[in-house]
Amino acid sequence: MTELRAGGGQEYRWALPSVLLGDGLEGRPVRRSTRDWIVDVAMFLVACGITFLSLVEMKPQPEPLLAVEQVTGALACVAVWLRRRWPVALSLVTGLLSSYLELVGGASVVALFTVAVHRPFKISGPVTLLNLFTLAPYVMLRAGTDDERMWALALGVTFVLLAFAWGIVVRARRQLVWSLRQRADSAAEEAKRLERERIAREMHDVLAHRISMLSLHAGALEFRPDAPPDDIARAAGAIRTNAHLALQDLREVIGVLRHADPAEGDPVPDRPQPTLADLPALVEECRQAGMDVRLDLRAGGAPESLGRNVYRIVQEALTNARKHADGAPVTVSVTGGPGEGLSAEVRNPLGVRHGARLPGAGAGLIGLTERAELAGGRLEHGPAPDGDFVVRARLPWPAQTSGEGDA
């Protein structure tokens, strides 16, 4: 099966349903591929072969009738080259002519096969019935004895039904191949979409944290121009460090993307990821940036994928706390174990903001929800009755896990 292409000067027929089946293309010019030319030559030779066999077996005829038979048979064989452009018209004309003229039978069989391949049953079925009905005049007018009529009728019905059945099988096979190819293309597009979403989530999780840290320290310098030189130097050093880490993270992500070949459909490999054991370092980094963070970590030995998801959820929750409640105390609790699941909760007071509010697109919580759902868990966020804003995630932790943990 070939595909329809916009360039290259060739039009391939089997890429889309209407083109695959030929529906609605009656009378339009057809550009044949190499495969189409081979098939057309084969169909022409089949029509000529059946016509030649009919000519050999033909009974002696009057000269005028024999001349009409030969001319009509030759023209019918030549008309086989038009079977892609006018399949129904060719089948109807050759079918009607074959009701009396014997040498048109070869072209009639090929035309009927073409209709069965390129037209739906609502068209090919009536055309086949017409070809069957035209056998009656031929048997009555051209056959001699009763035995000859029976043999002629049986042979004609066999040829018509074989051509129709063969065409239906070819059409069904092409539909199946096209359907499988469409499914494969859809699956590939879905895989690309999921990979793009994963990359976007990873970029957001990595860079949002670093850039928020930069904004936090830069805001401190802006609102405290009279700060002691040591504080200014510490803030400038933090800005430089976080900018360097942001560039390093971005370079790692881009490097990982370059390892994959989109043309070959290679998946994007995973870059080195933080795990649950890196949570204390994340909290300490936030404390050095001026946040009041309390960590309650009562889980260890979690699988790497589970620990990575919890780390990213806590990281994004801390980033949101810096944006919307800078200066307020933040409590991070991670508990759980094998068989009971792993829970992570980040809690901070609402409405507390000491500096300028950092801009946000609202995509962080959406990404966290998607991450938790992809891991088979759930995530809840919103105001709590005590006035705090809570982000709470619960992820499954199987009782028996394969692979190494974080501890």
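What share of the contacts in the protein with a separation of 6 or more comes from residues 24 or more positions apart?

## Overall picture

In this predicted model, residues 24 or more positions apart account for 72% of the contacts with a separation of 6 or more. The protein has 12 helices and 5 strands, and buried residues make up 41% of its 407 residues. Its accessible surface comes to about 22200 Å², and carbon and sulfur atoms contribute 62% of that surface.

Helix 11, which covers residues 304–324, has 21 residues and reaches 30 Å from its first C-alpha to its last, close to the 30 Å expected at 1.5 Å a residue. The helix is mostly covered, since 17 of its 21 residues are buried.

Gly301 lies in the loop between strand 1 (292–298) and helix 11, where this glycine counts as partly exposed at 32% relative accessibility. Its C-alpha atom is separated by 8.5 Å from that of Leu276, a residue 25 positions away along the chain.

## The hairpin of strands 4 and 5

Strand 4 (residues 378–383) and strand 5 (residues 388–395) run antiparallel and are joined by 6 bridges; Glu380 has Arg392 of strand 5 as its bridge partner. The hairpin has 4 residues between the strands, and Gly387 takes a positive phi near 95° there.

## Salt bridges around the hairpin

Side chains of opposite charge can pair when their charged atoms come close. The whole structure holds 10 salt bridges, and a network of them links Glu345, Arg347, Arg378, Glu380, Asp386, Asp388 and Arg392.

Arg392 lies in strand 5 and Glu345 in strand 3 (residues 341–349), so the pair ties together parts that are 47 residues apart in sequence. Arg392 is itself partly exposed, with a relative accessible area of 35%. Asp386 forms a salt bridge with Arg347, their closest N and O atoms being 2.8 Å apart; this pair links the loop between strand 4 and strand 5, where Asp386 lies, to Arg347 in strand 3, 39 residues apart.

## A nonpolar surface patch

Tyr100, Met140 and Leu141 form a nonpolar patch on the surface, with about 330 Å² of accessible area together. Leu141 belongs to helix 7 (residues 135–142) and is exposed, with a relative accessible area of 58%.

Note on methods:
Residues numbered from 1 in each chain as written. Predicted model: local features only at pLDDT ≥ 70, side-chain atom pairs only at ≥ 80, totals over all residues. Heavy atoms only, no water. Patch = residues over 30% accessible without salt bridge, like charges linked within 9 Å, V, L, I, M, F, W, Y side chains within 5 Å. Areas by Shrake-Rupley, 256 points an atom, 1.4 Å probe, with all protein chains shown as cover. Salt bridge = Lys/Arg side-chain N within 4 Å of Asp/Glu carboxyl O. Helix = DSSP H or I, 4+ residues; strand = E, 2+ residues; numbered from the N terminus. Buried < 20%, exposed > 50% of the residue type's maximum accessible area, 1.4 Å probe, protein only. Contact = heavy atoms within 4.5 Å. Expected span 1.5 Å × (residues − 1). Pairing = 2+ DSSP bridges.
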